[in-house]
Amino acid sequence: GYQPASRVTRIKESASVLAAARVRELKAQGRSIIDLTVGEPDFDTPEHVKQAAIAAMEAGETKYTSVTGTPKLRSAILQHVESRTGATYGENQITIAGGAKQVIFTAFMASLDEGDEVIIPAPYWVSYPDMVLANDGSPVIIACGDEVDFKLTPAALAAAITPCTKWLVLNTPSNPTGVVYTEGELEALAAVLAEHPHVQVLTDEIYDEIYFGTGRAASLVAAAPALRDRILMVNGVSKAYAMTGWRLGYGLGPAALVASINKLQSQISSCPSSISQAAAAAALTGDQSFVADCVNAYRERRDAAVAGLNAIDGLSCTSPDGAFYAYVRCACAIGKTTPGGALIEDDQDFVLYLLDAASVAVIPGSAYGLGPYFRISFATSLETIKAGVEAIDKAVRALN
Ligand code: PLP
């Protein structure tokens, strides 16, 4: 019979995928759930992007492409990244895959051996540690609490680097906190990395377009040009263009690393969907007003969510500068008792209580490696956010 490989038993299923499945299950049972777990834009893919996909199908672009994608997509990515960061990349420095997620996975697959360490600041996107473990590496988690604004400090980075460090993973804007590193903060981290030439950086900038500050979110490739030959910058069309289901992400980095990733991709998937490639090229080169409209909507929802949550006695969160999440401190609820008599011992208990008592679904901070917090998403309607905040308020008041 089947015996799972050790790489499978070493990892767990994605907490956000599980949370989404739980919400679907409860809804199927007829429960009405206020879902604040959503990890994807609630907007539809823009019409001109869909039309580009249809046109590609009709033109017969329905076959395998090169591992590195169609020339149209490659040039769209290179142009987009140059206009956003000022960084120019060559044709041999690009990899594309079925989502940024797959780029990150294959980057670890292409570079990690047993004993290699990957520094991951917490709270982190749920998948990083398991992706490292699945590829034989060792995650090294650095807790970055609200006292450091959930950001990795140069001192904490310096203290975590060992001769075995292969990668630092940075995610800005961040899932789950929405914090965005400033250019100065990135430069300070780069100064530490300059002393440790064996450390590469995977910078996950998938939320870069969803930024509430002025100008653009800072990018490591712009802030640290001297490190360019050891930075893998990962991005994709999922979040900015509401294209999560199209599965198209990309990575730009040193040619040798990219060649290894592409070699693996040639054995894993040959190439992402040709139709999604056409759609992604249209998204990157077409009218960008969709992105600005989404950001305005997210900003309004963020303001409502943050104001509402901070008005709840005992809960607190800072206003995120990017992405569509807020990370809410719920230490006040720990140690309290529910009306049903259950003791809330940690943020997982609290989140279960919110689901049972208030029909609100959020994700516990422990899933992201830093409790006691919970993550709410504001990639949902203002109405849902307001209903969620109200229900959470009631549930918190009912605790003893
Ligand atoms: N990186 C982060 C931080 C994310 O939150 C997500 C999606 O939730 C991804 C990467 C994956 O994006 P994609 O849809 O391109 O695989």
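**Domain arrangement, helix packing and local backbone features**

The centres of domain 1 and domain 2, taken over C-alpha atoms, are separated by 26 Å. The structure is a predicted model, in which local features need pLDDT of at least 70 and side-chain atom pairs count only at pLDDT 80 or more, while totals for chains, interfaces and linings use all residues. Residues are numbered from 1 along each chain as its sequence is written. In the domain assignment, domain 1 is made of 6-44 + 290-397 and domain 2 of 61-285, the bounds being those of an automatic or database domain assignment.

To the contact between the two domains, domain 1 gives 32 residues and domain 2 gives 33 residues, two residues being in contact if their C-beta atoms, placed from the backbone, lie within 7 Å. On the side of domain 1 that touches domain 2, at least two residues are supplied by each of helix 2 (15-28), helix 12 and strand 9 (325-329), where helices (H or I, at least four residues) and strands (E, at least two) are DSSP runs numbered from the N terminus. Helix 12 provides the largest share of this side, six residues. By residue class, the side of domain 1 that touches domain 2 comprises 17 nonpolar, five polar and ten charged residues; here Ala, Val, Leu, Ile, Met, Phe, Trp, Tyr, Cys and Pro count as nonpolar, Asp, Glu, Lys and Arg as charged, and the others, Gly among them, as polar.

Helix 12 (residues 289-310) also packs with helix 14 (residues 382-397), their axes coming within 10 Å and crossing at roughly 5°; axes are lines fitted to C-alpha atoms, for helices over the stretch in contact, and angles run from 0 to 180 degrees between N-to-C directions. Helix 12 and helix 14 are therefore roughly parallel to each other, a description applied to angles under 35 degrees. In this contact, E300, R301, A304, A305, G308 and L309 of helix 12 meet L382, I385, K386 and V389 of helix 14, and the residues involved divide into six nonpolar, one polar and three charged.

The ligand is surrounded by 13 residues, the closest being G99, A100, K101, G236 and S238, with a residue taken as near if its C-beta atom, placed from the backbone, lies within 6 Å of the molecule. Of the residues in this shell, three are nonpolar, eight polar and two charged.

Cis peptide bonds join N175 to P176, with omega about 25°, and G371 to P372, with omega about -10°. P176 lies in the loop between strand 5 (165-171) and helix 8 (183-194), whereas P372 lies in the loop between strand 11 (363-364) and strand 12 (373-377). D149, although not a glycine, has a positive phi of about 60°, and D149 is placed in the loop between strand 4 (138-143) and helix 7 (154-160).

Conventions. Parallel < 35°, antiparallel > 145°, perpendicular 65-115°, else oblique.
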